[in-house]
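My notes follow in the order in which I checked them.

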Amino acid sequence: MTKWYIGVDGGGTKTAAAISLEDGTPCWTAKRSGCSYQAVGIEAAALTVAESVMECLASVGAQLDECAMCCLGIPCYGENSEGDAAMAAELERLLAPAPLYIVNDVEAGWAGALGCGPGIHIVAGTGAIAFGKNANGETARCGGWDEFFGDEGSAYWIGRESMSLFTKQADDRLPRGPLYGLVKKQFALPEDMDFIKLVRGQIAPHRDQVASFQKIALEAARAGDETVIHLYERAAHELALMAGALKRKLRLPCPVNVSYSGGVFHADDFILKPLAEELADCGGILQAPVKSPLEGALALAIQHHKQKEGV
């Protein structure tokens, strides 16, 4: 029987799934909305993942019992034991009899970016989290606490901090830069104080909308807004703190490879340059990811199946 492997790279705003044979080359990719069970609930999150898996299987004319292993990278997994158990149970119900290997999505990012080798991987998407592994196979994670009091360096954090910068520019507490005009234009604000109603009613209640505000910040940085450029430098510092903590915790030797994935890194040198400089101070070398988190999830599915079979 043909052995099919499925990898899922979940996130707060998107879910991607792929199916492959043992070579790990995707034959089909499915994309859907986010699958954070803390944001949308257990049933909705599990259904999103299951539908993505089923689409992949349908693309090659396969059934669930023809799947050798599914690796599901789930956001927030490992942060709430009760929620994790409920999410796992619902996924098993929807996807039985396919064997499941459930991990936090940061682990899928690490597997793709570093080829399952020793090092540290930073994810800065809607949230921010880091994962590391040493040569002895020991692993650890850092960050990913919660956007209300954590997730520093994430798109949500940058979006929220950018809103604060807008208010300071509006008040002349900071010099008015491109951010001020971009926000006024984007939301057609008659008065600066109308921003309060807009944020409270349309943006703040939705995690993905706060994270999307980071796109306006990036546009402002590209237009030369010094306050926003400095914000990205602050984000880089926060992300580097996670890498430094993992390096110490796992006793990783210098230099240690540090890779990355997530939407924040679409800011290119605004985030990558200061991050590389921050990492150099703690013995890290920033390197571009070898493969995507989705390919990493496939690699973990194949690896876990081989381990299970004793190959």
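I began with Phe213, which is buried because its relative accessible area is 2%, where buried means under 20% relative accessible area, exposed over 50% and partly exposed in between, with a 1.4 Å probe and protein chains only. I note that this is a predicted model, in which local features need pLDDT of at least 70 and side-chain atom pairs count only at pLDDT 80 or more, while totals for chains, interfaces and linings use all residues. Residues are numbered from 1 along each chain as its sequence is written, and side-chain values use heavy atoms, with hydrogens and water left out.

**Aromatic rings.** I found 7 aromatic pairs in the structure, counting rings of Phe, Tyr and Trp (its six-membered ring) whose centres lie within 6.5 Å, with planes under 30 degrees apart taken as stacked, over 60 as edge-to-face and the rest as tilted.

Phe187 and Phe213 form a stacked pair, 6.1 Å centre to centre with 5° between the planes. Phe187 sits in the loop between helix H6 (178-186) and helix H7 (194-203), and Phe213 in helix H8 (residues 207-222), 26 residues apart. Phe187 counts as partly exposed because its relative accessibility is 25%. I also noted that Phe187 and Phe213 belong to one aromatic cluster with Phe166, Tyr180 and Phe195.

**Cores.** I then looked up the largest nonpolar core, which has 55 residues, and found that Phe195, Tyr232, Leu239, Phe265 and Ile271 touch the most other members; such a core is a set of buried Ala, Val, Leu, Ile, Met, Phe, Trp, Tyr and Cys residues joined through side-chain atoms within 4.5 Å. Helix H9 (residues 226-249) gives the most to this core, with 11 residues. Apart from it lies another core, of 28 residues, among them Tyr37, Ala46, Cys67 and Ile102.

**Sheet.** Last, I traced an open sheet of 5 strands in the order E3-E2-E1-E4-E5, with mixed pairing, where two strands pair if DSSP finds at least two bridges between them. The edge strands are E3 (26-33) and E5 (100-104), each of which pairs on one side only.

Note on methods. Helices (H or I, at least four residues) and strands (E, at least two) are DSSP runs, numbered from the N terminus.
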